[in-house]
Amino acid sequence: GPVIGVLALQGDVREHLAALAGAGADARPVRRPTELDAVDGLVVPGGESTTMSRLVDVFGLRDPIDKRIADGMPVYGSCAGMIMLAAEVLDGRPDQRGFAGITMTVRRNAFGRQVDSFEAPVGITGIDGGPFHAVFIRAPWVERVGADVEVLGRVTGGPAVDRIVAVRQGNLLATSFHPELTGDLRLHRYFADLVGAAR
Ligand code: GLN
């Protein structure tokens with residue numbers, strides 16, 4: 001399978017490595033630029049986007065990742081990873097910076113403090129087999145998308161009225177929820193296929 005890295009600075013790295021391996025990828029942690037050079041695609045995990053933003057600079061990965069994205073490397077971001085891929089972040093910290101790959105505005109911790117976490121079914125365009133059992137943990141939602149962004153999924157359950165929670169723009173994929181936590185490998189397979197096709 002394709003070689004897929006997981007940005008391993010912070011967050012639920014192990015869960016993504018396991019899900020990618022289950023989906024048939026050669027999954028590896030990425031902490032250094034040389035490790036980034038060796039992968040065909042990258043997962044940016046859930047965690048804390050302000051901390052991740054800082055560590056990306058500390059580990060010297062900002063420019064290398066920006067360059068790979070500009071060259072078309074597929075990236076999948078879940079939750080904090082979605083925030084890291086957004087062109088604009090609302091309710092972020094002023095100093096947090098992402099890779100700005102997807103023309104979208106996300107709102108951090110969007111679903112409100114009364115429900116830090118919830119679960120709801122989310123169908124994803126292009127993935128068969130029924131809705132995902134989506135787990136949201138202090139999750140962002142997508143508030144606006146650019147013309148080039150394909151909306152793949154919305155949540156209407158839980159505390160959400162009707163919010164965009166899955167998007168794709170070219171080789172960049174992002175979800176507000178955490179498929180790596182539920183043993184449902186379909187999104188990781190979808191991403192592995194995307195990486196294989198881009199290679
Ligand atoms: N609230 C976190 C952030 O702002 C994201 C939460 C998550 O990744 N589970 O980065």
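1. Asp-95 is exposed, at a relative accessible area of 52% (exposed is over 50%, buried under 20%, partly exposed in between, with a 1.4 Å probe and protein chains only). Its salt-bridge partner is Arg-93, at 3.5 Å from N to O (a salt bridge is a side-chain nitrogen of Lys or Arg within 4 Å of a carboxyl oxygen of Asp or Glu). Arg-93 is partly exposed, at 44% relative accessibility.

2. The model is predicted: local features need pLDDT of at least 70 and side-chain atom pairs pLDDT 80 or more, whereas totals for chains, interfaces and linings use all residues. Residues are numbered from 1 along each chain as its sequence is written, and side-chain values use heavy atoms, without hydrogens and water.

3. The count of salt bridges is 11. One of them links Arg-62 and Asp-57 at 3.0 Å, N to O; Arg-62 is buried at 5% relative accessibility, whereas Asp-57 is partly exposed at 41%.

4. Polar contacts (pairs of N or O atoms within 3.5 Å) to the ligand include one from a polar side-chain atom of Asn-109, 2.6 Å from a ligand nitrogen. Backbone N or O atoms also take part: that of Gly-47 lies 2.9 Å from a ligand oxygen, and that of Ile-137 lies 3.0 Å from a ligand nitrogen. The protein covers 93% of the 300 Å² of accessible area that the ligand has on its own (Shrake-Rupley method, 1.4 Å probe).

Technical notes:
Polar contact = N/O pair within 3.5 Å; in protein donor to acceptor, adjacent residues only side chain to side chain.
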